[in-house]
Amino acid sequence: MAVDLLLGLQWGDEGKGKIVDVLTKNYDIIARFQGGPNAGHTLEFDGIKHVLHTIPSGIFHKNALNIVGNGVVIDPVIFKKELDNLNKFNLDLNAKLLISRKAHLILPTHRLLDAASEASKGKAKIGSTLKGIGPTYMDKTGRNGMRVGDLELDNWKDKYRALSDKHEAMIDFHNVDIQYDLNELETDFFDAVKELKQLTFIDSEEYLYQAQKSGKKILAEGAQGSLLDIDFGTYPYVTSSNTTAAGACTGLGVPPRNIGGVFGIFKAYTTRVGSGPFPTELFDEVGATMGRVGNEFGATTGRPRRCGWLDLVALKYAVQINGVSELMMMKADVLSGFKTIKVCTAYKYKGEKVSHLPYNIEAENVSPVYKEMKGWEKDLTKMTSADELPETLIEYINYLEAELEIPIKIVSVGPDRKQTIHR
Ligand code: GDP
Ligand code: IMO
Ligand code: MG
């Protein structure tokens, strides 16, 4: 039985949480495969908005198990807050939420190191979410990390102490002014670890192997977006994991030949939060309108998201790297009311027109070449079927499908679960 993947194709916040929630009824298992609490996945239904950071977005459905895979990094303190929020909803989390022993732990000092590293970079900072993601993956690949499975050892606190002491020396090395009270942070951390240990830890690759063998339907939920991928994103302004399709294989232990559908999700325009190049970014009233209507504020940090037109050059690249088989277009409703809309079809790169993503897309090298299309006036947010969509939006969809050579199977017209049109 194949494992389907759902991935963001832009710089994150495409609406992955919403669509995973919509699709969960078709699956037995939802599994997160990378990233950590840098993610903020928003779900809306029955008039309530939920934001998940580490816990998979299938958690509200009775039919599905949710697995936090080995490729994820977990901050017990944030995880505890997520659990505390969910406890109000009677979800039987002990039975429905399983955690990989091989997932790495974010220590309080990882967060401090993230802050120290960013402060030392000055203007060149990544714009990290300051959740300790980079330092934790550095310890993972440097073979120094602590994993969830270590918490089952009697001497795990010795391991913790050795790593934390080393981090303190590294924080000093940065020579920046970071104020902290490690005792206080550790009290929270140890409390949170106690709560984490109440949950079920599993050998997730073995669990998922057996699940695949017995025909269970599995959906792997990505975090961040393809342009934040550590290898293929706009390095160094990226996150520290592989956000693209291959990341699901290493982040869950699923063999490549078992991957089925690859669902690529994108906004009808583009947003980015944090630093780094963004060729179609708008600094005018149009961009401000997208931000206002789309309520473009980060679900994790509350920072305003930068907004701009859809970048087809970058989107084609993401479709290519991931091998996308179906597309989902989000937030079409946000573009209602623009007389014309633009799509970036190529870049002017060092004076020449290119239609692939060059090595460096900083503004001094790249400027967008646009195609202008007619916009649509109608409010889409109450529409429930594809027949109702305005003609000019259908033209936009047809154009994108022809350019990307992949069908757009879902058009999302609002944040609620119900505001989802299947085609
Ligand atoms: P994720 O990180 O990919 O899960 O996306 P986020 O939750 O960070 O950001 C997406 C935001 O857009 C959230 O506030 C969602 O509630 C909202 N959203 C999702 N789909 C739509 C849509 O079709 N229309 C509108 N207006 N909002 C949407
Ligand atoms: P979801 O899953 C949008 C961005 C940060 C920063 C860069 C590195 O909600 O789509 P990090 O904390 O990972 O070291 O930050 O990546 N970033 C995200 N942007 N959505 C996310 O997740 C993001 N996770 C990280 O803003 O630019
Ligand atoms: Mg998000």
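This is a short tour of a predicted model, stop by stop.

**Stop 1: the whole chain**

Now turn the model around. The C-alpha atoms fill a box of roughly 65 × 50 × 40 Å along the principal axes. Does the radius of gyration agree or disagree with that of a compact globule? It agrees, because a compact globule of 423 residues would have a value near 22 Å and the chain has 21 Å.

**Stop 2: ligand 1**

Select ligand 1 and show the residues around it. There are 20 of them. Which come nearest? They are Gly15, Lys16, Thr42, Asp333 and Ser412.

Pick Asp13 and display its side chain. A polar side-chain atom of Asp13 lies 2.9 Å from an oxygen atom of ligand 1. Move to Glu14 and display its backbone. There, a backbone N or O atom is 3.1 Å from an oxygen atom of the ligand. Go on to Gly17. A backbone N or O atom of Gly17 lies 2.9 Å from an oxygen atom of ligand 1. Taken alone, ligand 1 exposes 580 Å², and the protein buries 94% of that.

**Stop 3: ligand 2**

Select ligand 2. It has 21 residues around it. Lys16, His41, Thr129, Gln224 and Thr239 come nearest.

Colour the shell of ligand 2 by residue class.

Now check the backbone atoms. Begin at Gly40, where a backbone N or O atom lies 2.9 Å from an oxygen atom of ligand 2. Jump to Gln224. Its backbone N or O atom is 2.8 Å from an oxygen atom of the ligand. Finish at Val273, which has a polar backbone atom 3.1 Å from a ligand 2 oxygen. On its own, ligand 2 has 550 Å² of accessible area, and the protein covers 97% of it.

**Stop 4: the second largest pocket**

Select Thr42, Gly294, Arg305, Lys331 and Pro415. Among the 25 residues that line the second largest pocket, these lie nearest its centre. Which elements give two or more residues to the pocket lining? Select helix H1 (16–23) and strand S3 (41–45) to see them. The pocket has a volume of about 560 Å³. Colour its lining by class, and you get six nonpolar, ten polar and nine charged residues.

**Stop 5: the cavities**

Now go inside. The structure holds two cavities of 30 Å³ or more.

For the largest cavity, select Leu9, Gln10, Trp11, Leu227, Thr270, Leu310, Asp311, Ala314 and Leu315, which line it. Its volume is about 40 Å³. Strand S14 (310–311) and helix H11 (312–322) each supply at least two of the lining residues. By class, the lining has six nonpolar, two polar and one charged.

For the second largest cavity, select Ser226, Leu227, Phe232, Thr244, Tyr317, Ala318 and Ile321. The volume here is about 30 Å³. Five lining residues are nonpolar, two are polar and none is charged.

Note on methods:
Residues numbered from 1 in each chain as written. Chains lettered and ligands numbered in written order. Predicted model: local features only at pLDDT ≥ 70, side-chain atom pairs only at ≥ 80, totals over all residues. Heavy atoms only, no water. Near = heavy atom within 4 Å. Polar contact = N/O pair within 3.5 Å; in protein donor to acceptor, adjacent residues only side chain to side chain. Areas by Shrake-Rupley, 256 points an atom, 1.4 Å probe, with all protein chains shown as cover. 1 Å grid on protein atoms, 1.4 Å probe; cavity = no way out; pocket = protein on both sides within 12 Å on 5 of 7 lines; lining within 4 Å. Points joined across faces, edges and corners; volume = space filled by probe spheres on them. Helix = DSSP H or I, 4+ residues; strand = E, 2+ residues; numbered from the N terminus. Nonpolar A, V, L, I, M, F, W, Y, C, P; charged D, E, K, R; others polar. Rg over C-alpha atoms; globule rule 2.2 N^0.38 Å.
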